[in-house]
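Colleague: I would like to learn to read this model. Please show it, and then let us go through it together.

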Amino acid sequence: MAPQLRLNAVAFVSPQNHPILIRTFEQPRQDELKYHYIAHTSLDVIDERIQAATASKSTDCYLGLLYVEDVAVYGYMTPLKVKIIIALELSDSIVRDADVVAIFKALHTAYRRSVANPFLRLNVPTENVTDHSILVSAGNSRWQAFRKRVDEIGRASYGFVPSPLFLVTSKIQ
Amino acid sequence: MTAQRVTITYSAPPAFLATDHWKQVYAALLSQLPLRNLHWKSATRPNIRTIQELDVNLVSAEAKQTEHTSQIPQTVLEKPLLSAYIVVCDDTETYRNTVKKQIKEWHSTVTQRKNMEWLIIHIVRPDAIATSGRMFQMKASVLDKIKADFNVEKRDRCVELVWAYDSDYENPTAWADLIGKLKDGILCAFDAAVAQREEEVKRSEGQRQMPGWNFCTFFILKESLANSYEGMNLYEDALDTYNELEILFFQVLREKNLSWFGTLINPAPKDDSLPLLSHSKKPYRDLILANTISVFDFRTYLLARQCSILGYLGHVVEIARKAVAFLSAFGRRLRDIEEILPTHFIESWTYSSALSVVEQCDAWATGLEMNKATIASFNAVKGELVELARHQLDIIGISVGHLPNRPPFSMAFPSNSRRDGGTPATSSTQRISKSEILMALEDKNAFYKVYIGITNRAIELYATAGRRKFALKMHGDLAALDVHRGRLSEALQTFTSLPAHYAPHGWTSLESYMLFQALGIHTAAEKPRDREWIFILLDFLKAYVQDLGKELLMNTEDHIEYVTSLVQALHEATQEAESDLSHHDHPAISVSVPNGQARTADNRDGALLEVQVTNALPCDVPADEVIINLTGRDGAKLTFLENSATPGIYSLHSSQVRMSRLSLHWLHSSTPPPSSSSASRSKKPPTLVSIPRDIRALDVRLRQPRRMELGTPARIVVAFNTGRNHVTRASVKLSAPSGVEFRHNEATLIDSDNDALEAGEDTFVLSDVEADKTVYVSVPHSDASAFHAMRVNITVEYTTLVEPDVNRSLTLVRVVLTSLPLAINVEDFFRGTRLFTRFTLSSTSHQHIRLKSTELRATRDDDGLKIAKAMPRSRTVTTITPEQPGKFLFQLDSARGQDREPLKLHIIYRVLREEVESVIESAVDSSLSESVSLQQYRAELIDTLVQALEKDASWVNRYEATGELIVPGIPVQDGEVGEALAHLIETLANPSSNQEPSGEWREIIIPVDVPQMHIVAAARLRVLSNPFNPDAVESLPPLFAGQPISALLTIKASFHWAPAEDVEKRSYRMRYDIEERTKDWLVSGQKTGEFIAEDDRTFTTSVTLIALHHGHLILPKVSVAALPIPGEGRMKAPLIPSCETYQAHGAEAILVLPRGGRSTFVVNMGGE
């Protein structure tokens, strides 16, 4: 049986470190602060990882386990430098990177689809193609679709079963 | 447990072992150890493993054999990897007889042993070689014989050691061969042993699914491999083995095949306080072998082994990271069985373990050389460990009531655990053993001390690691503790400084949380709601309205109520504020202009602009005033304050909402953009606001005064039109950006009855002006003749009778012409006692100018001046154009020698355009007086006509000649307006005859000086019919070319126009000069001469002229000049009197006939 990865919270952070979206899944209300803190503090660790990755010329999006603080915090950075941070419920078993990457890929796809929405650029000057505020606005409360997609992934993670493909690439065969 | 080392056994004949010789050899051998740079090439591994250094035990074979061997798989190093036999024999005979047998005996035992290599070391003395060297090498040496006897395989297992008692046994060359053989032997044996063990492990693992397979047994078996690697200093391989074991453990765990384990945990008294990474704190291996080890102990042991190997490798960062993950994850696991554990066991265990790992890591790290990045991550991960320990304090603190059960303390609870905060009931009778925790449980202050100490330690570690955001969070925790302990001022300080760290990148959720805390503390501390509080509150509201801002604040109903009360409090606080406060770009409220079209207020002055104020807060915001600032074309600023507005197009500049003393500002557009960061905003197109013209509103216009007098201070006329309102008071201020100054205090009313004008220093004030009335005020200003036109800013502030409480203000920019439309040129002609003055008037612009009259007047009537004007009576109005100037001639007669006041030229004129406009206006007015319904179209009609005239100039000539205004190119329109228009065109084309066009005339008064001249000379050449009687008045006889003609030159001087001061002068010396015109005349006689001129006297002289050809000839000109009067002035400079000469005969011509008569010439034809 594959290990179940319980996704407690997801945070999307823009390349300029602006929060895009922070979602928690079935967490007690008073823990919201914890996950906001986690999203924020993770940026420090992500910076460290990025430096290390630059030094080793690595181009991997997956930044691995960032740190453990009652939950396991993993990081991922899209090629366009949007950071995705997830907090997984700690489990006393080995968590395979491939499973975590699968979650990240799903989240990345959700984000990509939402940002592709042409109406995000409504009322935004066209010359500012690289303006991150457009990216940030994807998590804006006005843009429901993105939240919905992320929430679906969050729900799915409770019964997350990695596909056979990931089993093949995982460490133990 | 120290790692097993590689063992080499040695054997030799017992007799030799007892000698000193052996002892020396043994010592020398030991000195060559440890072995260095071993290269292990394993068949199962892709890479060559290099062992930098290897410790080796060198023991005698007898000693080794006595050791007990157990059934439990030990390391492969437990048995010797190499057995050496030492031969000392120089003599082949001896060898053949005795030594060979000994070796054979030894050899037979060692070759039976598995996984062991053997080596025969032949020790020779250097002199032995020397002696043997001298002999014939017919016989093989001892070594060769040994080789021949024992080297059955390819491998050479015999080696010679050249040994000298006194030689330097450090000499590496002597040892190289032996050491190389030793290494080869060890590696070879090790390789074989490992291969065999690996095979066993594999076999055992393959039987995993079979009943009876025991993980513990397997673990011990596989661990022996890890231990072997460790003994060989192959730490990576050892670590890999342990990692594989760990993975297998989890796999087995998942398969729930754990029957051979004891319980999950079997807490021993000191379990919670023993150092985590010690693998000798319990007899772990025995427990494993006994199948009684608990999962807790097993995991701890596994971790400790992994970490100790990592410690050898110097990977301290990874150790700490592993420890954090283990403590968190396994701690979570233990939560499931918390009820059977001693109270606070998990917390105490995690706390002590985390701190002990930090200590252990520091111990391992001493002496390690780490680069900067590694040091940073080491500190970071130590920070994580310390923070983990801190979280245990949070949990303990909440459960015993030292801390409140709320964030941030409650964040330490695992996300799916109970949160009642009470001490969990437990069935265990044991107690935890960590003294710090026990003390902290008892004593609140001790707890706080530990808590703060640990937190500060974490902050320090994070700070050195560069993890600013972690440190910030910790500071927030400390502040929360301060709040709980009632140290409010410290807490407030922290919470007011923290938001600034979260704001820059839009972490509004955390920012608003911090501000929320700050507000709460502020209230709790009962601090005055001062400026600082207002700004905290505004910041809070700012963060609150952002997307993420309210995520961390209680639940929905609560925070609406909370914000409502805050806004209420804010309103109260702003009313009591001591000074004005302003805040820029607050996002809670936004002001926009949805429709840029302002409306005129129907019955009041000013325009109405629809402004949309959006409040993002969930509650009402009391606002006193909304102010919109607009920027106009000329940089004119307009404040939209529900009062007067100048028509035009504006862009929205800024807006403002006032709440008592607090004003919130927004900048909508800025030119130029203040910084590049706001570039994105400034790229938005500006919001345009167009304000329509309200023709019934108060208006101020400027114009040139109708009557201008050159030489007096320039004035400007302000036409103040009240429009629909009775204006009670209006102050008007004029200013010109060009620097022209207006003298408000000299302002005067023009044709006024009783309107009061108060002239002030920089404004003038009009009071009580009735509605629909225009008041003209003349304001003098400094010289503006350098400009063609002058831009004047007019600011009017006024109140009306209807709305006495509303102060309206109006800012206008008007341009007024300062140059004259006319250019004037004066020419003077003296004729004796008369003076003719000719004025040439020309238009300076393209405009035609209509002149009604020009008049030259003396300033005083008793001046004795007689002025006559040459002006045709027939025409009343003259038109001058740029191409066609008008000339006006005046004749002046005056008495001699009087001081003359300057004359004044009065010109009454108007520009054609003004005239035509007034013609149209009066025509429209008279036509509209018949129909009231058309009254509203008055402006439109006038506009249509004026525009039509502007487009086509063909009407001008006809109008100027006849007064008929043929309006060209107006399309026929239907309806009332069309009819009215048609009627108007008809009227304009047929003006009532002989009526001067209505409208105002302008007047310019130009002062003209009466010119002065010392001498006016009239020169005349008169041809005499009879040279002997100059006075005869006979008709001239015919004159012929070539004939001498007598002429009389007379010069009459007049001193009439001499300046008054020189009236006394009676005579001047003068010189005349007859012009030489060699083509027409020969002049004979005194062509040039001097004479004394006296007033009204004539100087006469005669000359003879000869005409050079026939025709009408003009007589030569005579020039007359006054000679300088020598040195009369004080400076003795010669003074030249002014003099003007006119030719009295200038217009006369003389008819010269061709020479008549006949001449006969006789030409001899020859022939005689």
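Modeller: Chain A has 5 helices and 5 strands. Helices (H or I, at least four residues) and strands (E, at least two) are DSSP runs, numbered from the N terminus. This is a predicted model, where local features need pLDDT of at least 70, side-chain atom pairs count only at pLDDT 80 or more, and totals for chains, interfaces and linings use all residues. Residues are numbered from 1 along each chain as its sequence is written, chains are lettered from A and ligands numbered from 1 in the order in which they are written, and side-chain values use heavy atoms, with hydrogens and water left out.

Colleague: In what order do the elements of chain A run?

Modeller: Start at the N terminus and read on. The order is β-β-α-β-β-β-α-α-α-α.

Colleague: What percentage of the residues of chain A count as buried?

Modeller: Buried means under 20% relative accessible area, exposed over 50%, partly exposed in between (1.4 Å probe, protein chains only). Chain A has 173 residues. Of these, the buried part is 57%.

Colleague: Is B:Glu384 buried or exposed?

Modeller: B:Glu384 lies in helix H14 (residues 372–400) of chain B. Contact means heavy atoms within 4.5 Å. Not counting residues up to four places away in sequence, B:Glu384 touches A:Leu66, A:Tyr67, A:Val68, B:Val324, B:Tyr462 and B:Arg467. Its relative accessible area is 7%, so B:Glu384 is buried.

Colleague: Which residues does B:Pro705 contact, leaving aside its neighbours within four places in sequence?

Modeller: B:Pro705 sits in the loop between strand S18 (699–703) and strand S19 (707–709) of chain B. With a relative accessible area of 14%, B:Pro705 is buried. Its contacts are B:Arg715, B:Ile716, B:Val717 and B:Arg1002.

Colleague: What separates the C-alpha atoms of B:Pro705 and B:Ile1004?

Modeller: Along the chain, these two residues are 299 residues apart.

Colleague: What is the strand order in the open sheet of 5 strands?

Modeller: Two strands pair if DSSP finds at least two bridges between them. The pairing in this sheet of chain B is mixed. The order is S40-S42-S38-S36-S45.

Colleague: Which strands are at the edges of that sheet?

Modeller: An edge strand here pairs on one side only. The two are strand S40 (1081–1085) and strand S45 (1139–1143) of chain B.

Colleague: How many bridges join S40(B) to strand S42 of chain B?

Modeller: S42 covers residues 1098–1107, and the two strands run antiparallel. One bridge partner pair is B:Trp1081 with B:Ala1107 in S42(B). The number of bridges is 5.

Colleague: At what angle do helix H4 and helix H6 of chain B pack?

Modeller: Axes are lines fitted to C-alpha atoms, for helices over the stretch in contact, and angles run from 0 to 180 degrees between N-to-C directions. H4 covers residues 92–112 and H6 residues 142–150, with their axes 11 Å apart. The angle is about 40°.
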